[in-house]
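My notebook is open and I am ready to look a few things up. Here is the structure I am working from.

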Amino acid sequence: MESNYESCCSRSCRNPITKINAFVDITANVSGLIKLIREEKTIISWRIVSRNTGDARFHRECFDSIKKEFEKWQISTSDPKRAKTTSSDTAFSKNTSSESPDADTNGRRYSRRIKSKQQKVQSEVGSVKGFLATGGIDPIAFQRERNAFLQSLETAEFTDSMGSVENDGKKVAALIRDANENGRSICFFTGAGISTNAGISDYRGRKGKWTEEDTGIVIEEKEGVSYEDMRPTYTHEAISKLVNDGQAQFVISQNCDGLHLLSGVPMHAIAELHGNVFLEVCSICCTKYLRPYYTLDDEIQSLMSAFVANTPNPNPDAVISGCWTADAVIERGTIPEGSHIEICKNCGINHFTGRKCSAKTACSEKCCGKLKDTIINFGDLLDEDNIDRSGRASNECALMLSLGSSMTVTPASDFVENAERLVIVNKQKTGFSAKAKKTARVFADSDVFMGILMKNLYCQESLNQWERSIQEKLPKYNKLRGIKGKATIIPPSSS
């Protein structure tokens, strides 16, 4: 448990949160509330993490109570300046459906039902004003905090109690054993959430890249971890163990960090739908090269972005081969003759890495085809082989375990739809939660859940031995990553 969250952030609770409790984490743009938060004039005891951003953690029941209260009442205007001049009798209104009055032709006579309803609303307005006054909450502060809270709901992260997660782990282990005994397959579907513990940033989490852009929150920049320095998490290792032991048959991954392959998942048992930053492929013979280093030409990408921005109609059909230097691009302000840069028709970004294929052709000569990265950018088409293998695996599996994914990106999420039975392990709510509830919908960190799952699938002695072997693999990982490592060449027939 993080020390900053030893107690519930509901000012009416403030009791400790322990592992036996289910809890909720939110992050919100609290600009305009900072002073009020410090003066404790808000309903929530926000933890200020930057100039406009606040975090909060609640017991699940406290979160539900605050959510209900904020959704129950709305201020008649969203403009704080106008709200200050609003009559005290009409500043708040309850969320109720409007109803047309029953009037005569002159519009003067109202039914008793309408009058009764108006009196009820006025009574409730007095009630919420009393609620705010009792807690020392300013109506304008209430409005601002309500808006911040409701905006944070889209990225709220839920965590089940440890007892609930343990029960789900036992249930899923039983389903895996049953599938194995009946000759049915198990498939994993993984997203960025399983790699956050390795140092990678997610996109749709409450502090994800796209969440920052959408909400305006400001997250303190942390020193990034290079792809070469990332190592498999417990979840990666567990998936690799299950695949290599024959308890799971396939992995469909949206991640491009290469950690599944590094952990030992065989290439025939995985489809990396969005590519792999360590994998490049020949544009002619399709031989693949699994490198020990990051293969993308990021310097070129930045230069290409500037080039495209400054060129009204760049020619996407231009095919230029050879070598080039960054200085030449800067000096000429365009792609120099002889450069290996080529603008992709689909995404507008260069995929070529500047290296060439060393595979031998039928005539025992080097292919020398230009090598391309395998990353799928927005607009790019997914690799057909990955689609075919993912489709077969998702259609044939008795159970799919989705770990650390919001499952909102298509066509990847279509494979989840195909699964006969679905387990979701993710802290955020998803569009597939209803389907997973029939099996297991787990709000938990994937490493925590996989630890419980492995305890239910292996005896303690085997589990201890395997967990010790994870530490012993670290020197091997260090040799497989870095500029001194050797590339693995994968012929087209093997991929």
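Leaving aside its neighbours within four places in sequence, which residues is Asn180 in contact with? I found Ile186, Gly246, Gln247 and Gln249, where contact means heavy atoms within 4.5 Å.

A note to myself on the source: this is a predicted model, where local features need pLDDT of at least 70 and side-chain atom pairs count only at pLDDT 80 or more, while totals for chains, interfaces and linings use all residues. Residues are numbered from 1 along each chain as its sequence is written, and side-chain values use heavy atoms, with hydrogens and water left out.

**Asn180.** I located Asn180 in helix 6 (residues 162-181); helices are DSSP runs of H or I with at least four residues, strands are runs of E with at least two, and both are numbered from the N terminus. The C-alpha atoms of Asn180 and Gly246 are separated by 8.5 Å, although the two residues are 66 apart along the chain. Asn180 has a relative accessible area of 27%, so I put it down as partly exposed (buried is under 20%, exposed over 50%, partly exposed in between, with a 1.4 Å probe and protein chains only).

**Arg57.** Next I turned to strand 3 (residues 53-59), which holds Arg57. Is Arg57 buried or exposed? Arg57 counts as buried because its relative accessibility is 5%. I also noted a polar contact of 2.6 Å between the side chains of Arg57 and Asp25 (a pair of N or O atoms within 3.5 Å; within protein, one must be able to donate a hydrogen and the other to accept it, and residues adjacent in sequence count only if both atoms are side-chain atoms).
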